[in-house]
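Here are some notes for a first reading of the model. Please keep the structure open beside them and find each residue as it comes up.

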Amino acid sequence: PAGTGNDFNMVLNKTEDITAILEAMFKMNTHYIDYMNVSGRRCVNVASLGFDVDVLTRFNQYKKRIKGKIAYYLALARTILNPQFRKARVICDGNEFECGYALIAAGNGICYGGGIPVTPNAVLDDEFIDLCIIKKLKRHQLLPILLKFLHGDHVSSEHTIYRKCKSLVVLQEDGLEINTDGEIFNSDMFTCSIEG
């Protein structure tokens, strides 16, 4: 584990104890897991669009001047106060619909951002993508849904679309900023398929 949040490690190993992880590796306790092909890039945990990309972009700017978790909390607060809602065409297993959204996440893993269970029903080896869409909502509704995120309770919210799928395409007129496992890149479209 060497990432900022180590979320994938916690799903995979349930510990950050390097000795325990190495012991498990040397015992050759191996198991195949899926990964997602996201617009030509490999992603083992979570890929996303929207709100959390905005948070990450701000965080990357702030951490040059502000150390520690304060930079992340400041980025989060700024994004909550100035949310950007976008409109996209979503194609999920061939079913197409228009969607105004705050966040779209495709999960092979369960959590990101230091333990936030964005796709709490995801299983690493079930050969499915867990799709979570937080629909466009009123500004005052954003904080309550984010608080539900902390426990994975957003899945049952009326503002959420949550389903399992094999393939996902998101199209947006002005292009997309995509987060894959904490790395941001630009693309004309978001394509996601599961590789078992």
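1. Arg-89 is partly exposed, with a relative accessibility of 32%; "partly exposed" is the range between buried (under 20% relative accessible area) and exposed (over 50%), using a 1.4 Å probe and protein chains only. Its salt-bridge partner is Glu-96, and the closest N and O atoms of the two are 2.9 Å apart. A salt bridge here means a side-chain nitrogen of Lys or Arg within 4 Å of a carboxyl oxygen of Asp or Glu. Glu-96 is also partly exposed, at 48%.

2. This is a predicted model, in which local features need pLDDT of at least 70 and side-chain atom pairs count only at pLDDT 80 or more, while totals for chains, interfaces and linings use all residues. Residues are numbered from 1 along each chain as its sequence is written, and side-chain values use heavy atoms, with hydrogens and water left out.

3. How many salt bridges does the structure hold? There are 5. As background, side chains of opposite charge can pair when their charged atoms come close.

4. Another salt bridge joins the side chains of Glu-127 and Lys-166, at 3.9 Å from N to O. Glu-127 lies in the loop between β5 (95–107) and β6 (129–135), and Lys-166 in the loop between β7 (160–165) and β8 (167–180), so this pair ties together parts that are 39 residues apart in sequence. Strands are DSSP runs (E, at least two residues) and helices are too (H or I, at least four), both numbered from the N terminus. Glu-127 is partly exposed at 40%, and Lys-166 is partly exposed at 34%.

5. Lys-164 and Asp-130 form a salt bridge with their closest N and O atoms 2.7 Å apart. Lys-164 belongs to strand β7 and Asp-130 to strand β6, so the pair ties together parts that are 34 residues apart in sequence. Salt bridges that share partners join Asp-126, Asp-130 and Lys-164 into one network.

6. Look next at Ser-48, in strand β3 (residues 46–50). Ser-48 is buried, with a relative accessible area of 0%. Its side chain makes a polar contact of 2.3 Å with the side chain of Asp-52. A polar contact is a pair of N or O atoms within 3.5 Å; within protein, one must be able to donate a hydrogen and the other to accept it, and residues adjacent in sequence count only if both atoms are side-chain atoms. Leaving out residues up to four places away in sequence, Ser-48 touches several others, including Val-53, Leu-103, Tyr-112 and Glu-177; contact means heavy atoms within 4.5 Å.

7. Strand β1 (residues 35–38) has Met-36 and Val-38 on a covered face, and Tyr-35 and Asn-37 on an uncovered one. In a regular strand the side chains alternate between the two faces of the sheet. β1 runs antiparallel to strand β9 (residues 183–195), joined by 4 bridges, and Met-36 stands opposite Ile-194 there. β1 also pairs with strand β2 (residues 41–43), antiparallel over 3 bridges; strands pair if DSSP finds at least two bridges between them. Met-36 has Cys-43 as its bridge partner in β2. β1 and β2 form a hairpin with 2 residues between them, and Ser-39 in the turn has a positive phi of about 50 degrees.
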